[in-house]
Amino acid sequence: MGTRYTARFVVPEQAHVQAIVSGLEAAVTAVDAQMSNWKADSELSRLNRAAPDGWVPVSPNLASVLVRATEIGRETGNAFNIGVSELVDAWGFGPAGRNCPRGTSAGSRTCRPLDELLEVDLPGRRVRKYACVALDLCGIAKGFGVDELARVLDRHGIGSWLVGIDGEMRACGCKPDGSPWAIALEAPEDDRRTAMGVIEIGDAAIATSGDYRHWTAIDGERISHTMDPRTGAPLRGSVASVTVIAPTCADADAYATALMVLGAEAGRDHAQRRGLDALFVAREGDELHTTGTGFFDGA
């Protein structure tokens, strides 16, 4: 996935540590092989190349992620849409767009809701496209990968752990001394890595979407790598980052992206309606201002 994964866990005396480590490695390797846009032989890449109207066999993992992505897209009014791969490439942020002058071929192409373009047969482990559409799972696959790491540790009977891929994290239990797992919330600054706060979590997942790691400037304007499916263009709003706490990391990952697209006001309204714990960090000139819902209310 172009990054690294981490796992910290409290090992029972009878545990076979190497078997656990091998299981963790196998889990993230499998997700990468299933959902990467950067691997030509991944399941997702094969699905993207497939012609419309024919059924394509897929793994249970990919099928379930496609179903959840479609559900969150429907719920957020198309603010979350994995059918943005061509847009990502056109703006120079994807595999095919690395040598593309950013924005020159992008145009203005809004994305149709995914449930109009895709049918997923979950029991049959197959997918059918109704039209030519290229999918990009960058807004949910890392979170799902974190959930897979969690499932490995659960299978080994480990009840205290903290796992993560890049900035997407999930925790269970507590540290050996009884204290909760502590995670730094990164300040949305592109020239340095600093913490703007620390959050303690247990039995929950947390993910952040932001505009401060992958971005470019066109004619002096900051252009985010996150696409707005409703406009067919990158985000240009004042929201610098959104952090979400959820039961699964796939949900936290996807909702962080969706709320980022919705913006501070509409995103906060949606988070409140859905009972989401969300922290919005917005730029106002040279200053950062925060607002939140649920756990982050009053931030």
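This is a predicted model: local features need pLDDT of at least 70, side-chain atom pairs count only at pLDDT 80 or more; totals for chains, interfaces and linings use all residues.
Reader: What is the average pLDDT of the protein chain, and where is confidence lowest and highest?
Author: The pLDDT is the predictor's confidence in each residue, from 0 to 100. The protein chain averages 89, and 89% of the residues score at least 70. Confidence is lowest in strand β10 (residues 215–218), with a mean of 58, and highest in strand β2 (residues 55–57), at 98. Over residues 98–106 the pLDDT is below 50, and this stretch has 19 contacts in the model beyond near neighbours in sequence; contact means heavy atoms within 4.5 Å.

Reader: How many helices and strands are there, and what makes a run of residues a helix or a strand?
Author: Both are DSSP runs numbered from the N terminus: helices are H or I of at least four residues, and strands are E of at least two. By this rule the protein chain has seven helices and 16 strands.

Reader: How do you know that the span of α6 agrees with expectation?
Author: The expected span of a helix is 1.5 Å times one less than its number of residues. For the 14 residues of α6 that gives 20 Å, and the end C-alpha atoms are 20 Å apart, so the two agree.

Reader: Why is D251 called buried?
Author: Buried means under 20% relative accessible area, exposed over 50%, and partly exposed in between (1.4 Å probe, protein chains only). D251 has a relative accessible area of 14%, and is therefore buried. This residue lies in helix α6, where 14 of 14 residues are buried.

Reader: What makes the pairing of D251 and R68 a polar contact?
Author: A polar contact is a pair of N or O atoms within 3.5 Å; within protein, one must be able to donate a hydrogen and the other to accept it, and residues adjacent in sequence count only if both atoms are side-chain atoms. The side chains of D251 and R68 are joined by such a contact of 2.8 Å. Leaving aside neighbours within four places in sequence, D251 is in contact with R68, I72 and A246.

Reader: Which residue caps the N-terminal end of α6?
Author: T248 does so, with a side-chain oxygen 3.3 Å from the backbone nitrogen of D251. Just after α6, G263 takes a positive phi of about 95 degrees.

Reader: What makes a group of residues a nonpolar core, and which residues have the most contacts inside the largest one?
Author: A nonpolar core is a set of buried Ala, Val, Leu, Ile, Met, Phe, Trp, Tyr and Cys residues joined through side-chain atoms within 4.5 Å. The largest has 46 residues, and L66, L135, L137 and L259 have the most contacts inside it. Its largest share, ten residues, comes from α6. A second, separate core of 16 residues includes A27, A150, V152 and W161.

Reader: Which elements do the buried residues of α3 pack against?
Author: They pack against α1 (17–35), α2 (43–49), β3 (118–121), β4 (126–129), α5 (141–155) and α6 (249–262). Among the buried residues of α3 are L62, L66 and I72.

Reader: Why is A240 called buried, whereas R125 is called partly exposed?
Author: A240, in strand β14, has a relative accessible area of 0%, so the residue is buried. R125, in the loop between β3 and β4, has 49% and is therefore partly exposed.

Reader: What is the phi of R125, and what is that of N78?
Author: R125 has a positive phi of about 55 degrees although it is not a glycine. The phi of N78 is near 75 degrees, also a positive value in a residue other than glycine. N78 lies in the loop between α3 and α4 (85–90), and its relative accessible area of 11% is why N78 is called buried.

Key
Residues are numbered from 1 along each chain as its sequence is written. Side-chain values use heavy atoms; hydrogens and water are left out.
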